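Trainee: I have a structure to work through today. Could we take it step by step?

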Amino acid sequence: MTDWTIEQKKVIESKDKSLLVSAAAGSGKTAVLVERIIRLIVEKRVDVEKLLVVTFTKAAAEEMKQRISSTLIKKMSEAKGEERTFINRQINALPFASISTIHSFCSGIVKRYCHVIEIDPALKVGNETVLLILRQRAMEELFEKEYEKESEGFNKLIESFSNDRRDDKLRNMIEQIYGFLMNRPDPKDWGQKVIESYGVDLESFNSSIYYEFFSKSTQIKLDHAEHALALAVKNAQAAENFDKISATLQDELNNVKSLKRALDNGFEAFRRVLDTVEFARFSIKIDDECLKDKIKEDREEAKEIVKKLIESFGYEDAGIMIQNLNEMKPVIAYLIKMAEGFKEIYSKLKKEKSLMDFNDLEHFCMEILDDDEVSKQLREEYSYVFMDEYQDSNQIQDAIASKVQRDDNLFLVGDVKQSIYRFRLSDPTLFIGKSRVYDSGDTNLNELVYLNTNFRSRKPILDFINFVFEKTMCSYVGEIDYTDKEKLNPGLPLVEIVEDKTEILIISDDDREIKKDEEDKEKEEEELSLAESEAKVIASRIKKLLGTEIFDAKLGGCRKVGYRDIVVLLRAVKSTGQIYQEVLMESGIPVFAESGTGYFDTLEISILLDLLRVIDNKRQDIPLLAVMRSPIFGFSIDDIISIRKSGEGKSMAESLNLVERNSENELSIKVCDMLKKLEEWKNKSRVMPLDRFLWKVLVDTGYYGYAGALPGGVQRQANIRMLVDRAKEFTDSSMKGLFNFVKFVEELKNTKTDLSGAKVLGALDDVVRIMSIHKSKGLEFPIVFVGGMSKKFNFQDIQRPLILHKDLGLCTDYVNLKERRYCETIYKSIAKEKTLLEVLSEEIRVLYVAMTRARNKLIMVGSERNLERKVGRWIKPLSDYSISQAKSYLDWIMGSIIGSREECSTNLDGFENDLAKVKKISLRSIEKAESDRERYLKKISGHFASLEENAGDIPAQVKERLEWEYPWDREFKIPAKMSVTEMKRFKVTKNLIKTSEGLKEPLFLQGKKTKRASEIGSANHFVLQQLNLNKINGSVDIEAEIESQIRALFDDGRIDRSFEGKINMSIGLFFVSPLGQRMLKSSKIYREHTFNVKMLESELYEEGSRDESVLVQGMIDCFFEEGDSWVLIDYKSDYFSSEKQKMSILEKYEDQIETYIKALEKTTDKKVKEAYLYLLHSNEALSVAT
């Protein structure tokens, strides 16, 4: 018999009331839920059909049924007579019981009561592939209608929210609004309230939820600023000029207090005070440099808070900001109208195909349940209603549950600290709000019970988790306070094992010297190199852990660690999962990573898709060449060269036809067989269902068997089967034919809608798992590594042109087309702040989920470029505001561990307390370990070489074979084509082969604000390319004309707004310089000129062969004709601070300019008489010898 805790017993035995159970991680939530159901069935004789149990996933529903079934079977074996008969009847009825997901429940209601709302009973949920096609059609139809109408509202939307003469941005906004509306219980009512909220005055704004949130949030910020300034005043007492700086600091402190008081008097009063706030300059005379820095830091922190308030809310008068809202009311109304129009068209298309989606299911169910007779019948039908994972419900799902529940029969269970599905519009505030109601004690019908005894993790891990979240999770960030009620209490027996503290491993490059000219390259490669380093550290730690002892609660004792006991958790597997996987595999560790994307790029799928493209249309050279070189047809490089020669200047398809007709050799026979096969398949594709046709191709080619024989063959074959299944789903939609399927796949790829590979991993496979934290929810592992702890949070949600919020509504920018004014509305400024806090709250809950997966050991790995500076921030005491300023998980972890410990500021390595130990690992030590490994391998190979020398005479034939070298090895390593940049690399590496480089996600996709120097340089080049030289040449004020043209590039959307302030506005100085004037006088000016030219290897570098040639490609920034010769200019935006650095830039690019000169002279038969490197940083031209 299970020993239930007091709280668990209370949950199981409670009766005649509704319960909200806050079940913390590892608290036996499912076991308690099942036991309560079993007792209702066995002891209260409640039929299983009288129970409604809603789970979050289908897998959870099946597990629930399985647990109930196995327990009932056990109970039946102990029962007799009538009781046995009753239990047997319940077991037989269990497969038909209402134990399902919310969507399965809604589906049942819709089928059963479809007549109530007069919908087609044949409606079924469409697969995502078909629904995506219908959504695309609906959007096209909507915009076609709007373009035909040419209404003033639509034209205003197009002008306001389109970029680069495309309407993609507006389309995305409409689909975003539609998706959000469909998650509201009453979309029309919500939309109407949003529109009405834009008709506002100052008085109503001050009493609105917008100002309520603004006031609370600003109060917290100003409290922090006040505390920082008070601290600065206190520390400044040791200064020689205390009286002077004290007066300054006190004035600033009074300003902050005035701002706080003004919040009580409304927004207009706050704005008036905000306009008066200033921070004066001052200097501190004090010997203690540390104290001096601390005073400056505290004051700067307060100053930064006020500065951000001015930037966000001080850009316009309060009255104008409110007026802006009213002006945007018709725009918002038309946006919502278009979203509703999209809904109507999409619904019509679905209805034509007797389809619906999950949103329709929920709304149909809501509509049915609005019928009093139906809801009354269901309330009588279900004696008890259970909702699992309630923290992940959304508003419409909660509304559905409320229609079938009674006051005393609801059982809600979940843990708001594990609500991590905000991207699916789950609403943790539902749980929080209900917990306040249930905990108030206003009625005997409701009760809140906490289950916080953890039966998963060992006590040291739980203590560390409690320690961290006591300090970091609060109502401001996290949406709840981590009080004693939320703390995890140990439920496992205490077992003493050495090294049971949580480990924090921090990789730092503080000891590496980074030269100024290498800094940009370092930043560009930072994420990749640090991810590799983290993976190497984890691989090393895994090897040390293997074979060590861990406690196994199921065995009741200790056992050895195996690979399957270990998991590596990442916030997102897509960006770095493959890097981790490769590093672990190179270390000899069996590993499996479920990336969630990359399906179309796998070898087996990309070749198969290329074959389908060629069958559909063989006049596609790239897919055709890929298929010919693949094992499907097996053409060699020599074969392809011969085919190309026979049809020089023609396409590959035409060349194949010529070979087929004009030759009678082995190659022509091979070509003939391939073309016949392609034609046969093309004919079959027209008459066979697509999935069956795919299987025919796979059988004909033997490709399915070939894929199975490759490394990872089981996974590859599963991916192929998945493609066949997708083809069948596509065929079931209205879209038919091979051409449409290929086109559909291309659209998926173009919109970055990738798929995850098929799942083939078994629970017993002895491998290390790499998975996302979201995928790990509900699972547990003996040893957990959490990687990427220093990866910056993704704040992309607040960067969007449109922010949607359940309470704050639809918040967008203010656009005045007449005055060409563009700024944030006050609603959007407030919504950005609210959304930011909700994103941070979600992230802190994600961290909680990651840490609570560990049973025996928790190891957290992060990396920082400037660790010493970070430690300076971490040692400060944590407050609500400072918690909200975190940029990564590591900020929260380290802030909680070393906050208020100033002794850590200089030496973090080896820091240890009762719960955790921190280890600093230098990048240099990781690199050294790699070089030591390579030296070891060389030593081993040398050892074998010496053995060979001492082994006596080797037979000549054996020696000849062992020492044989490929005669064209050098030529094999020379690429057929290379860029000028690759040539520059050769000067350093002495290797023409491009080394394998990992691909990192560009910073702009990560939502980072910082622009790299390379991006700014590219933007400057783009400006120089786009400038209208005729207008500049005829202008009186050249610099003003250029500034005007640059503004126009921003206004037209041709340059992203994020580059404002980054473009070198002194570009105009180039055109007034002697070189610029010479260029403007020329009648032939060429900019951004691309070239492809064949050059001898010896022309590229001294040691190069005179017999081998390379195709060189590149782009020349600018050249112009002067007389009968060219003058060449190459712009560079490199930064330098000394004459020596300037000359090093010239030396760095000299070879590149020489290549441009050779290429230009070769392609134009005209000499280059002068060449210049123009430095935008200093606006000077450096001559390069020609």
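**Working through the model**

Mentor: Start with Pro623, which sits in helix α24, residues 621-629. Keep in mind that this is a predicted model.

Trainee: Is Pro623 buried or exposed?

Mentor: Buried means under 20% relative accessible area. Pro623 has a relative accessible area of 11%. That value falls under the cut-off, so Pro623 counts as buried.

Trainee: What distance separates the C-alpha atoms of Pro623 and Trp968?

Mentor: Along the chain, Pro623 and Trp968 are 345 residues apart.

Trainee: What separates the centres of domain 1 and domain 3?

Mentor: Find the two domains. Domain 1 is made of 6-125 + 357-451, and domain 3 spans 203-315. Taken over C-alpha atoms, their centres are separated by 51 Å.

Trainee: Now the salt bridges. How many does the structure hold?

Mentor: Each one pairs a side-chain nitrogen of Lys or Arg with a carboxyl oxygen of Asp or Glu, within 4 Å. Glu780 and Arg456 make such a pair, at 3.2 Å from N to O. The count for the structure is 79.

Trainee: How many residues apart are Glu780 and Arg456?

Mentor: Glu780 is in the loop between α32 (773-776) and β17 (781-786). Arg456 is in the loop between β9 (453-454) and α20 (459-472). The pair links distant parts of the chain, and the separation is 324 residues.

Trainee: Which helix holds both Lys459 and Asp463?

Mentor: Their side chains meet in a salt bridge, 2.7 Å from N to O. Lys459 is partly exposed at 34%, and Asp463 is partly exposed at 24%. The two are four residues apart, about one turn of the helix, and that helix is α20.

Trainee: What is the N to O distance between the side chains of Glu1122 and Lys1169?

Mentor: Glu1122 is partly exposed at 22% relative accessibility. Lys1169 is partly exposed too, with a relative accessible area of 36%. Their side chains meet in a salt bridge, and the N to O distance is 2.9 Å.

Trainee: Why does that pair tie together parts that are apart in sequence?

Mentor: Glu1122 lies in strand β25, residues 1109-1122. Lys1169 lies in strand β27, residues 1168-1175. The pair therefore ties together parts whose separation in sequence is 47 residues.

Trainee: Which residues do salt bridges that share partners join into one network?

Mentor: Look for shared partners here. The network joins Lys29, Asp388, Glu389, Asp392 and Lys777.

Trainee: On to the surface. Is Arg873 buried or exposed?

Mentor: Arg873 lies in helix α34, residues 867-874. With Lys308, Arg869 and Lys887, Arg873 gathers in a patch of positive charge on the surface. Exposed means over 50%. Arg873 has 52% relative accessibility, so Arg873 counts as exposed.

Trainee: How much accessible area do Tyr936, Leu937 and Ile940 have together?

Mentor: Leu937 is in helix α37, residues 923-949. At 46% relative accessibility, Leu937 counts as partly exposed. With Tyr936 and Ile940, Leu937 forms a nonpolar patch on the surface, and the accessible area together is about 290 Å².

How values were computed: Residues are numbered from 1 along each chain as its sequence is written. This is a predicted model: local features need pLDDT of at least 70, side-chain atom pairs count only at pLDDT 80 or more; totals for chains, interfaces and linings use all residues. Side-chain values use heavy atoms; hydrogens and water are left out. Domain bounds come from an automatic or database domain assignment. Patches are made of residues with over 30% relative accessible area and no salt bridge: like charges are joined within 9 Å, nonpolar side chains (Val, Leu, Ile, Met, Phe, Trp, Tyr) within 5 Å. Accessible areas come from the Shrake-Rupley method with a 1.4 Å probe; for residues, only the protein chains shown count as cover. Lys and Arg count as positive and Asp and Glu as negative; His and the chain ends are not counted. The place of a charge is taken as NZ of Lys, CZ of Arg, CG of Asp or CD of Glu. Buried means under 20% relative accessible area, exposed over 50%, partly exposed in between (1.4 Å probe, protein chains only).
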